[in-house]
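Hi,

Here is the model I promised to pass on.

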Amino acid sequence: TVSVLYWAMSSQTEPVSGPLLALYARLGAWRKQAASLYTGCQTQMLEWPSLAVEWLPDRRDTQYNDFSLHSVAIGTQALPGSLNYVATVEMATPVDMEDLADFLRGEDGVAVAGGAAFADIKGHSRITQMIPVDGIVHKIRAMPRWSHILAITNSSSGVIDIHHTLSRPAFSADPADSEPNLRLKGLKQPGFGLEWSHADPGMIVAGCDDGTIAYWDIAGPMEAFDDEEERAAAGGSVRFRDHVAPVSKFVGQRDMIHDVACHRTHPNVIASACQDGTVCVWDTRVVTAATFNMRNAHAGGAFGVSFHNTATHSLASCGADGAVSLWDIRRAEAPAHELLFHTAGVAGVSWAPFSDSVLLSYGLDANIVLWDLNRSGLPTTKPDASAPSELAFLHAGHLSRVTEARWCPSLDDEWLVASCDASNMLQVFRPSSDAVEEHVQAEAFDVDADD
């Protein structure tokens, strides 16, 4: 992909200037350092831009020597009149080289299997399934317990579609094959907030553009559907097409909900990020008002929110002001700490599944920043000290605003990230251990169009 872009730019007959020059310089700076920064970084150009990407860990294949086959789901933002869909994309990712060295020496007690090597298949990418969707795909979330069960929101309505991906053909022109197995009603408008609960496997929360937040419990239908004997008795296809009403709704916010999050250990605790700049924490037992309310958390709008994996009262948020804010929700007056590096609004934030101190943020500045709070207060390697000490890695491989970035949930795949942007690009990357241990020289990617 990078080579194609360089060819396109080099074929220009007119002098390159303005935004195109800035793009060329940014891409060149990143490409010079990419070989030393990553264990692997794969780019796939998509048919349409994507607003959503999600890992499907149930489909991870690790039978190969030095690489794994991972699957991610992406959703399209197609032009009016064109088909939107959720596609499952299979991509090959190399094993971390340090882990691979131990593996090849047999120190883990596992015999090395024969077959293809990563050098033979690098760049491998193929679509293995497509699910037609009624509108632009806003969000995709895989159920933590069974990642082959997907929740999908789109621009056509506030209904949330639940798809059991193993029950349908990979590709089919039959409209019946694209019908969801379950539809969740209760929201009057579309939205972007969507999250499954880790503490309660059947619970799912969503927020929409009119400020409404609702949650459902679908454990019963999904457990029945996942029963092999029941599926066999029904000829292999069980459909739950009836609309399911929410258990309850939260009221009190009157602006667009950009994101929702479920507490990792307390199933009754939910957080939301709102366009009015407010970050709220809700209790499902008290739906008439927020339990904690961080007013004016982000000037211009709060875009993302994420509960810490283990710290009960810790919450991260981000927004239009370019800040990543870390909160103790018992002290809602001001954030406990702020991480400042993005040069535009921060669209999302997420804690890493493999570490209590690592989180990522992605933004409108086309950057993905990996943070490590254990570095807080340490001297920075930047002479001008413009990079915070907590900055562990900067991924600058995207050419336009990053629409979503997601950690791989597998604990065997630390630091592995999938991301998509507004220029039809899907990337799967893992920084090298050396790059993570040292600060990235961020000034190499700070390109001004006037330079």
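How do the residues of the lining of the largest pocket divide into nonpolar, polar and charged? They split into 28 nonpolar, ten polar and ten charged, where Ala, Val, Leu, Ile, Met, Phe, Trp, Tyr, Cys and Pro count as nonpolar, Asp, Glu, Lys and Arg as charged, and the others, Gly among them, as polar.

Before you dig in: this is a predicted model, with local features needing pLDDT of at least 70 and side-chain atom pairs counting only at pLDDT 80 or more, while totals for chains, interfaces and linings use all residues. Residues are numbered from 1 along each chain as its sequence is written, and side-chain values use heavy atoms, leaving out hydrogens and water.

The largest pocket holds about 1100 Å³ of space. (A pocket is an open set of points on a 1 Å grid over the protein atoms alone where a 1.4 Å probe fits, with protein on both sides within 12 Å along at least five of seven lines; lining residues have an atom within 4 Å of a point. The volume is the space filled by probe spheres set on the points, which are joined across faces, edges and corners.) Of its 48 lining residues, Lys139, Arg141, Tyr362, Glu404 and Arg406 are the closest to the centre. Strand β27 gives the largest share of the lining, six residues (strands are DSSP runs of E, at least two residues, numbered from the N terminus).

β6 (137-142) also supplies at least two lining residues. Six of the six residues in β6 are buried, so the strand is largely enclosed by the rest of the structure (buried means under 20% relative accessible area, 1.4 Å probe, protein chains only).

Cheers

Key. Helix = DSSP H or I, 4+ residues; strand = E, 2+ residues; numbered from the N terminus. Buried < 20%, exposed > 50% of the residue type's maximum accessible area, 1.4 Å probe, protein only.
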